[in-house]
Amino acid sequence: MADTLTITDNRTGKTYEVDIKDGTIRADALRKIKTSDDDFGLMTYDPAFMNTASCRSAITLIDGDKGILRYRGYAIEDLAEQSSYLEVAFLLLHGELPNEAQLRKWSHEVTHHTFVHEFLRKSMEGFRFDAHPMGKLVSMLGALSTFYPEAKKVRDDKTRREQIVRIIAKMPTLSAWAFRHSVGRPYVYPDNELSYCGNFLNMIFRMAEPRFEPHPVLERALDILFILHADHEQNCSANAARAVGSAETDPYCSLAAASAALYGPLHGGANEAVLHMLKQIGSVSAVPEFIAGVKNGSGRLMGFGHRVYKNYDPRAKVIKKLAHEVFEVTGKNPLLEIALELEKIALSDDYFVKRKLYPNVDFYSGMIYQAMGFPVEMFPVLFAIPRASGWLAQWQEMLQDPEQKIARPRQIYTGADLRPYVPMSNRATKPAT
């Protein structure tokens, strides 16, 4: 049996054979289906890329029906249990887990690029004290491009790698300083003796103590959260990084674009929405009433369901266990009992089961971040720090893919046909809209 698709155009009666590879057909193969020689050819219309593959990728696999997430073939559960974030970042970027010597070298490189130029620190003062930390991070990433003009040589392997190391190293510093600026605290410089996550906690929370010692449980919890958020296939922000990077834009500006996409509440704001929902519910006893409201259309269940997962998000399983470990240190978040009751009822209710609405990664992550002392404004920033490694892996893969060109989707024009130009004196007066 041939791996082809037979298409009959009922407009012309002509039949076409289109090759099938990896369960897909090439969109440009449809261009040969025409009604006349001057016809452009058939196109596909797919708003929001609901059923369009824009690239081939070997980085991340998601099987939403089975609840599977893998980085370079490794199950997310195994990586979260046994790896560190820097080890996973190496895996995403290089395709293989590092050996001991490689990890030591990689960690050293990242650790010793955590400092940023003092002029960049001064530019932080240009923001209002109450500016959103994510807005500042987007701006600072773009500003980094001006400090490293050689970054524009994106086809040079050595130069490209230098920028990748710099970005992963400096993301925690920029993020911590964006937070410290917003709360009026002096900036804390990196401590190269601490781990990647320990150093970030140091720059966030250190006050007057001579040296900050992160709590090992919280340090490890943040490391796991960073692993879980490192990449997630062709999501909105990864697509933004690839699309902007396809113009051979340097990685700083490409990641600024990705961060801007993550800044949107539909992408990076879901865990904050969960907290608002749980606060709105208020108590365990009010959960049944809230569930009834969701079912009759007067409420919305946040943190359940996902664009790609039609099963339990594997990251949510890891985070649920992690939440209990964190609360042993910080004290229980009062919203946890509401969340557990909400999850229990929703998972046993046919209304939600039939719709395949399961908890996603955002359902518990916000409670953990809040318990660790992060305000909700920092949640998308905490998402962006680890996702930088995934964005960079996607950006680099796009550059090395010979099939990729500058992103330029087609459109279906629905505007007016050619109209004669009307001089100003002949235009009818219309009310302003």
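View 1. M124 is buried, with a relative accessible area of 1% (buried means under 20% relative accessible area, exposed over 50% and partly exposed in between, with a 1.4 Å probe and protein chains only). The model is a predicted one, in which local features need pLDDT of at least 70, side-chain atom pairs count only at pLDDT 80 or more, and totals for chains, interfaces and linings use all residues. Residues are numbered from 1 along each chain as its sequence is written, and side-chain values use heavy atoms, with hydrogens and water left out. M124 lies in the loop between helix 4 (118-123) and helix 5 (133-147); helices are DSSP runs of H or I with at least four residues, strands are runs of E with at least two, and both are numbered from the N terminus. Apart from its neighbours within four places in sequence, M124 is in contact with K136, M140, L174, W177, A178, H181 and Y187 (contact means heavy atoms within 4.5 Å). The C-alpha atoms of M124 and D22 are separated by 48 Å, the two residues being 102 residues apart along the chain.

**View 2. Packing of helix 6 on helix 18.** The axes of helix 6 (residues 157-183) and helix 18 (residues 379-400) come within 9 Å and cross at roughly 165° (axes are lines fitted to C-alpha atoms over the stretch in contact, and angles run from 0 to 180 degrees between N-to-C directions). Helix 6 is therefore roughly antiparallel to helix 18, a term for angles over 145 degrees. On the helix 6 side, R160, I164, I167, I168, M171, P172 and S175 take part; they meet V381, A384, I385, A388, S389, L392, W395, Q396, L399 and Q400 of helix 18. Twelve of the residues in this contact are nonpolar, four polar and one charged.

View 3. Strand 1 (residues 4-8) and strand 2 run antiparallel and are joined by five bridges (two strands pair if DSSP finds at least two bridges between them). T6 has E17 of strand 2 as its bridge partner. Six residues lie between the strands of the hairpin, in which G13 takes a positive phi near 85°. Strand 2 (residues 15-19) has a covered face, Y16 and V18, and an uncovered face, T15, E17 and D19.

View 4. Four bridges connect strand 3 and strand 4 (residues 68-71), and I62 has L69 in strand 4 as its bridge partner.

Notes: Angles under 35 degrees count as roughly parallel, over 145 as roughly antiparallel, 65 to 115 as roughly perpendicular and the rest as oblique. Ala, Val, Leu, Ile, Met, Phe, Trp, Tyr, Cys and Pro count as nonpolar, Asp, Glu, Lys and Arg as charged, and the others, Gly among them, as polar.
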